[in-house]
Amino acid sequence: VSLGEPLATVPTDLVGRQLQEVELLLQASDLTLGDIARQFDENAPVDQVLLVEDTLPQLNNGTAISVVVSDGPAPRNVPDGLVGADFETAKALLEAQRLVATQDETFDPDIPEGIVLSASHQPGTELAVGDTVELLVSLGREPIVVPDVEKLDLADAQELLEDAGFVVIEVEGPPGNPVLTTDPPAGAERFRGDEVTIFMEGIAEAGEGV
């Protein structure tokens with residue numbers, strides 16, 4: 001008496017494999033891939049099989065096997081509070097969402113060094129796990145170099161210093177003579193708006209001292 005067609009043996013090691021590989025294994029066992037349900041999973045990569053529909057160890061040839069497949073980690077939202085925070089705090093906020101922070105820097109006359117000025121994505125933007133958010137971080141005020149005005153007349157020296165961003169607050173010595181030096185001296189790094197004193201040649205003879 002015929003027992004009918006031979007039964008197909010369902011592979012037992014399908015969970016944890018990639019969907020394409022599972023489909024090939026089912027075909028090799030004379031089975032087919034059935035419905036595919038997808039769900040986010042924090043640990044399983046995209047297309048990894050998470051669950052196989054409960055089946056008997058053996059089924060009729062051609063039976064469709066349904067599976068649940070990973071869609072990878074759920075999308076992340078860029079968090080609030082990046083702009084205005086220091087870089088390490090902003091980086092930690094992003095890492096908590098499994099996002100990656102990169103740093104670019106620029107001088108800013110108003111924002112202290114180390115504070116985030118802007119982010120490449122607005123709060124609430126959906127990103128995939130591992131995506132990058134670029135943070136623009138302040139270097140604070142940009143230093144400027146005191147120009148060399150030695151031997152110039154007072155008007156030219158003052159113009160050069162002011163064009164560079166300094167404020168001339170005092171002139172020591174005979175104003176009709178060439179410039180002897182400045183305080184701070186030429187080549188020193190200061191910040192825009194800092195004060196400079198000009199010393200003219202002949203100041204020693206005038207008894208004022210440099």
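Accessible areas here come from the Shrake-Rupley method with a 1.4 Å probe, and for residues only the protein chains shown count as cover. With that settled, I looked up the surface of the protein chain, which exposes about 12300 Å², with carbon and sulfur atoms supplying 49% of it.

I noted that this is a predicted model, in which local features need pLDDT of at least 70, side-chain atom pairs count only at pLDDT 80 or more, and totals for chains, interfaces and linings use all residues. Residues are numbered from 1 along each chain as its sequence is written, and side-chain values use heavy atoms, with hydrogens and water left out.

I then turned to the elements, and found that the protein chain has three helices and 15 strands (DSSP runs, H or I of at least four residues for helices and E of at least two for strands, numbered from the N terminus). Along the principal axes, the C-alpha atoms fill a box of roughly 130 × 25 × 20 Å.

For burial, I read that 29% of the 210 residues count as buried, meaning under 20% relative accessible area with a 1.4 Å probe and protein chains only.

Last, I checked pLDDT, the predictor's confidence in each residue from 0 to 100, which averages 92 over the protein chain, with 95% of the residues scoring at least 70.

Key. Buried < 20%, exposed > 50% of the residue type's maximum accessible area, 1.4 Å probe, protein only.
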